[in-house]
Amino acid sequence: MAKPHSHLVLENYIGGTFVPCRSHIDSYDPSTGEVYCRVPDSGREEVEAAVAAAKEAFPAWSQRSPEQRATVLNKLAELIQDNLEDLAQAESRDQGKTVTFARTVDIPRSAYNFRFFASSALHHLSECSQMDHMGCLNYTLRCPVGVAGLISPWNLPLYLLTWKIAPAIAAGNTVVAKPSEMTSVTAWMLCKLMEQAGVPPGVVNVVFGSGPRAGSALVSHPEVPLISFTGSTATARVITELSAPFCKKLSLELGGKNPALVFADADLDQCVETTVRSSFSNQGEICLCTSRIYVERSIYPEFLERFVAAARKWKTGDPSDGANNNGALISKEHLEKVRGFVALAKSEGGVVHCGEGVDELDLPERNAGGYFMAATVVTGVPDSSRVMQEEIFGPVTCVSPFDTEDEAVSRANGVRYGLGATVWSRDVGRVHRVARRVQAGLVWTNCWLVRDLNLPFGGMKHSGVGREGGRDSYHFFTEVKSVSIKH
Ligand code: NAD
């Protein structure tokens, strides 16, 4: 293992300056199991300084015109694009994902988040309504809220952080962000671009550290009136409790247990190819990954055979090898948790068709200590099992047959989550019916992960509260007033 002093040591970014922290947390390279960098273990004091800097920067930033703010956001997008390769390499090393995924998804999307909200912020209209019989004209005014607290997870680190920073500052807020302590490097690299992009000191502050220390200090800070959180449902409960005494505005983007409903008339070529991708992309560590596949009984044997064959071709290994589809899972603990679900499935009579415990991974020497797991397909698990009810967040998916449309919908809805769903059928009437009945904030028919940033993004039930996306983000990051003027 490399000597501690050779590790990257991150610093907080407060008021436009990098500020060292007294204590640190080790963060690992999941593909080797070795320490990659040391992340500030910030607490109340650091959060206090960041909130003060954000408060000070708020009046001037909020008074800039949307065009002036958009110029800064576009410059940030350009700088991310210019540094794409370095950012992709760092994201892969920090998170375990393949460099290819970071290069083609995470980093381009991070740049696009800034570009999209720079443009979107120029097109919002307020509402106006006439009340002639009262001699009144009524309209809405929207104002930035103040200091926004932004908390993001480890699975799509820069992508999900910028999904919050971009709309927050485009709307005129200033921010204090806290990325996941397991994946902080690209956020720190983004801070290095702030000055060059013309982001005034204090508009974007980043405090690194753990959830219980830095995160909860941010959530319970009285001068942070809104929190946008993406992460697990369990953490969302804590955040809701911590923020309740302050009546904060909350946006919660949480976990999922996303079903795919495959009807007999589906285009199976397209369905199998996409459902392998939707189940296993990014090691299955995307909140929108498919983890329950319900297949109409008449095509179940054919689907299963083709799906398992395609899953076997989904290669797992060294994240920097362009031939691999998947890299390593985020941590040793997480790998154990995901393996535990496969063991539970087996103990309940489930059959593991490929992946964990069935296929050996062929890893290079340097990856021997990494947290790898092959794409795993399970059948024969009852819907009541924890395997079918809880979010696994790894490369594991379960397949099960169904007989009727009603049954498919009711089983899809039989979990506490409601984030995403995919529906596979060429019958337009059916896809309309099922899309309406399935309990999910996002329904993809004959596709997956098509993202239109103008549309609301978020989940129902335990998958979230509120929506983000073009107008929804603008609404969340502004406070609305209704004004009546009488002549
Ligand atoms: P997590 O809830 O453990 O952590 C998320 C963030 O919250 C981290 O920055 C963490 O440090 C912080 N945190 C933890 N405890 C806190 C506390 N007490 N106060 C304040 N902050 C605290 O989630 P994770 O394991 O990093 O991410 C995986 C989860 O995120 C999965 O459940 C996944 O489905 C979900 N997710 C949801 C979406 C979505 O858009 N719906 C997107 C990506 C990930």
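Domain 1 is 8-254 + 463-486 and domain 2 is 258-445, with bounds that come from an automatic or database domain assignment. Before going on, keep in mind that this is a predicted model, where local features need pLDDT of at least 70, side-chain atom pairs count only at pLDDT 80 or more, and totals for chains, interfaces and linings use all residues. Numbering runs from 1 along each chain as its sequence is written.

**Zoom out to the whole chain.** Along the principal axes, the C-alpha atoms fill a box of roughly 70 × 70 × 40 Å. The radius of gyration of the chain is 23 Å, which agrees with the value near 23 Å that a compact globule of 487 residues would have. That radius is taken over C-alpha atoms, and the globule rule is 2.2 Å times the number of residues to the power 0.38. Switch to cartoon and you'll have 15 helices and 23 strands to look at; these are DSSP runs numbered from the N terminus, helices being H or I with at least four residues and strands E with at least two. Of the 487 residues, 53% count as buried (20 or more other C-beta atoms within 10 Å of a residue's own, with C-beta atoms placed from the backbone).

**Now select where the domains meet.** Here 19 residues of domain 1 are in contact with 24 residues of domain 2, contact being C-beta atoms, placed from the backbone, within 7 Å. On the domain 1 side, pick helix 3 (84-95) and helix 4 (99-120), the elements that give two or more residues to it. Helix 4 gives the most, three residues. Colour that side by class and you get seven nonpolar, eleven polar and one charged. For these classes, Ala, Val, Leu, Ile, Met, Phe, Trp, Tyr, Cys and Pro are nonpolar, Asp, Glu, Lys and Arg are charged, and the others, Gly among them, are polar.

Methods: Contact = placed C-beta atoms within 7 Å. Buried ≥ 20, exposed ≤ 12 C-beta atoms within 10 Å, placed from the backbone.
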